[in-house]
Amino acid sequence: MSYFVECQNIGGFKFLTKCRHHYIIVDQPVEKGGDDSGPKPPELFIASLASCIGQVIVIFCQRHQISTQGMTLKVTWNKEPAPGKIKIELIIPTEITEESRKAIIRLSKQCPIHKLLHNPPIVEFCLKKEK
């Protein structure tokens, strides 16, 4: 399986990112020289991690008839000291068994983005001049 996104600079630090038929604006806050018209790249990264973990948890909860209504993931990435630490707080506003709680934590680590952090791909760069 492969993924493709395209990021086009639309002024200053602002990039219009296209993922299939979805568009996301990525920018910097005003104090960093941007317009604050979208999330910063690190925020988008941890949003991807949180939503990926959330989707894995939804699969488990659906299979075990556990309500996901109101489920929230709060993610904090403290980057210092490098490489930093990412803390994920999962809130499920329903009673679950200790067995389910352990399974959810175990399965959270199986999300593709989390697995990518532990086995990163090779990143190749290529600079082209388009005609």
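Which residues in H1 are buried? In this predicted model, the buried residues of H1 are Ile46, Leu49, Ala50, Cys52, Ile53, Gly54, Val56, Ile57, Phe60 and Cys61. The points below treat this helix, then the cysteines, and then the salt bridges.

**Helix H1**

- Helix H1 covers residues 41-63, a run of 23 residues.
- From its first C-alpha to its last, H1 reaches 34 Å, which is close to the 33 Å expected at 1.5 Å a residue.
- Just after H1 comes Gln65, which takes a positive phi of about 50°.

**Cysteines**

- A disulfide is a covalent bond between the sulfur atoms of two cysteines.
- The structure holds zero disulfides.
- Cys61 is accordingly in no disulfide, and the nearest cysteine sulfur, that of Cys111, is 15 Å away.
- Cys61 counts as buried because its relative accessibility is 1%, and buried means under 20%.
- For Cys126, the closest cysteine sulfur is that of Cys7; the two sulfurs are 16 Å apart, so they are too far for a bond.
- Cys126 is exposed, since its relative accessible area is 62% and exposed means over 50%.

**Salt bridges**

- Side chains of opposite charge can pair when their charged atoms come close.
- Two salt bridges are found in a search of the whole structure.
- One of them joins the side chains of Lys14 and Asp35, at 3.3 Å from N to O.
- Lys14 lies in the loop between strand S1 (5-9) and strand S2 (15-19), while Asp35 lies in the loop between strand S3 (22-26) and H1, so this pair ties together parts that are 21 residues apart in sequence.
- Within this pair, Lys14 counts as buried at 16% relative accessibility, whereas Asp35 is exposed, with a relative accessible area of 52%.
- A salt bridge also joins the side chains of Arg101 and Glu98, at 2.7 Å from N to O.
- Arg101 and Glu98 are separated by about one helical turn, because they are three residues apart in helix H2.
- Arg101 counts as partly exposed at 37% relative accessibility, and Glu98 is partly exposed with a relative accessible area of 41%.

Definitions and conventions:
Residues are numbered from 1 along each chain as its sequence is written. This is a predicted model: local features need pLDDT of at least 70, side-chain atom pairs count only at pLDDT 80 or more; totals for chains, interfaces and linings use all residues. Side-chain values use heavy atoms; hydrogens and water are left out. Helices (H or I, at least four residues) and strands (E, at least two) are DSSP runs, numbered from the N terminus. The expected span of a helix is 1.5 Å times one less than its number of residues. Buried means under 20% relative accessible area, exposed over 50%, partly exposed in between (1.4 Å probe, protein chains only). A disulfide is a pair of cysteine sulfur atoms within 2.5 Å. A salt bridge is a side-chain nitrogen of Lys or Arg within 4 Å of a carboxyl oxygen of Asp or Glu.
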